[in-house]
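Hello,

Here is the structure you were expecting. My notes follow below it.

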Amino acid sequence: MRKKALICGNWKLNHNLSQTKSMVEEVSQAIKNNELVEVVLAPVAPLLFAACDLAKNTSLKIAAQNVFYEQKGAFTGEWSVNHLTELGCSYAIVGHSERRQYFNDSDEGVGKKARACLDGNIKPIACLGETLEQRENGQVKKVLTRQLGAVLSQVKESDLENLVIAYEPVWAIGTSNTATSAQAQEAHSILRVLIADKFGPDRAESVHILYGGSVKWQNIKELMAQKDIDGALVGGASLTAESFLSIVEGSI
Ligand code: PEP
């Protein structure tokens, strides 16, 4: 049986307090009777408190867009997994390509963030994916092996059902150049096999592997029809309730 789809909207640095509140309300209301998709929204960090408060007692889950791996100390500007747990977050995106590009997130750091999340009952959505140059140089498998390896080195078999991997080819993020469903499936299959090599095929099946990169209502059905695509991480098309909900709808 196919596992429950997971659709996560990543708002990046968008939406103020009132936009956040009204979207959380609208989306949570719209998915009230939907048990087929796990729906997650990731607002900016300062608005997590408001979002979690509004999503409380609904089936909408809230994610942070980042988190640090230490629990406390002299780390100005950071927040910990414990803070997310206290707020009522369920997920944290780690290693998004924009964090890797602009904030120097390293493979090792992403692995440590994933570990910290798993230790604190926050499900990590660990992002990885190749650049256009790496794809053109035939390095997709090599890059995915390196990036996923850093996450899997921090993961135990018992963590797998709480682990989410998001394959996000950098060249497809915010560009309208969605990977074809065949390209996406090929990459997801590489990732699934790498997990299976370490933990066995049955356990590998329990990991949600999301696709991210210009997902919209027009392509979600075909992407979701692929064997190893279990959901989507959605940027631009998650910014209005109408557009996001059409993707949630299309993922079923
Ligand atoms: C993202 O930022 O994770 C993303 C997939 O963005 P977009 O959907 O806009 O390509």
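What radius of gyration would a compact globule with 252 residues have, and what does the chain have? A compact globule would be near 18 Å; the chain has 17 Å, which agrees. The radius is taken over C-alpha atoms, and the globule rule is 2.2 Å times the number of residues to the power 0.38.

Two points before the details. This is a predicted model: local features need pLDDT of at least 70, side-chain atom pairs count only at pLDDT 80 or more, and totals for chains, interfaces and linings use all residues. Residues are numbered from 1 along each chain as its sequence is written.

Overall fold

The chain has eleven helices and eight strands. These are DSSP runs numbered from the N terminus (helices: H or I, at least four residues; strands: E, at least two). The C-alpha atoms fill a box of roughly 45 × 45 × 35 Å along the principal axes. Buried residues make up 46% of the 252. Buried means 20 or more other C-beta atoms within 10 Å of the residue's own, with C-beta atoms placed from the backbone.

Annotated positions

UniProt, in an unreviewed entry, places the feature "active site" at His 96 and Glu 168. Such annotations may be inferred rather than shown by experiment. The two are spread over 73 residues of sequence, yet they cluster in space, with a largest C-alpha distance of 8.3 Å.

His 96 sits in the loop between β4 (91-94) and α4 (97-102). It counts as buried because 28 other C-beta atoms lie within 10 Å. Leaving out residues up to four places away in sequence, His 96 touches Gln 65 and Cys 127. Touching means C-beta atoms, placed from the backbone, within 7 Å.

Glu 168 is in the loop between β6 (164-167) and α8 (181-199). Glu 168 is buried too, with 28 C-beta neighbours inside 10 Å. Its contacts beyond four places in sequence include Cys 127, Gly 212 and Gly 213.

Ligand shell

There are 13 residues around the ligand; Ile 173, Gly 174, Gly 212, Gly 235 and Gly 236 come nearest.

Gly 213

Gly 213 lies in the loop between β7 (208-212) and α10 (217-224). Gly 213 has 28 C-beta neighbours inside 10 Å, so it counts as buried. Gly 213 and Gly 235 are 22 residues apart in sequence and 7.7 Å apart in space, C-alpha to C-alpha.

Best wishes

Key. Near = placed C-beta within 6 Å. Buried ≥ 20, exposed ≤ 12 C-beta atoms within 10 Å, placed from the backbone. Contact = placed C-beta atoms within 7 Å.
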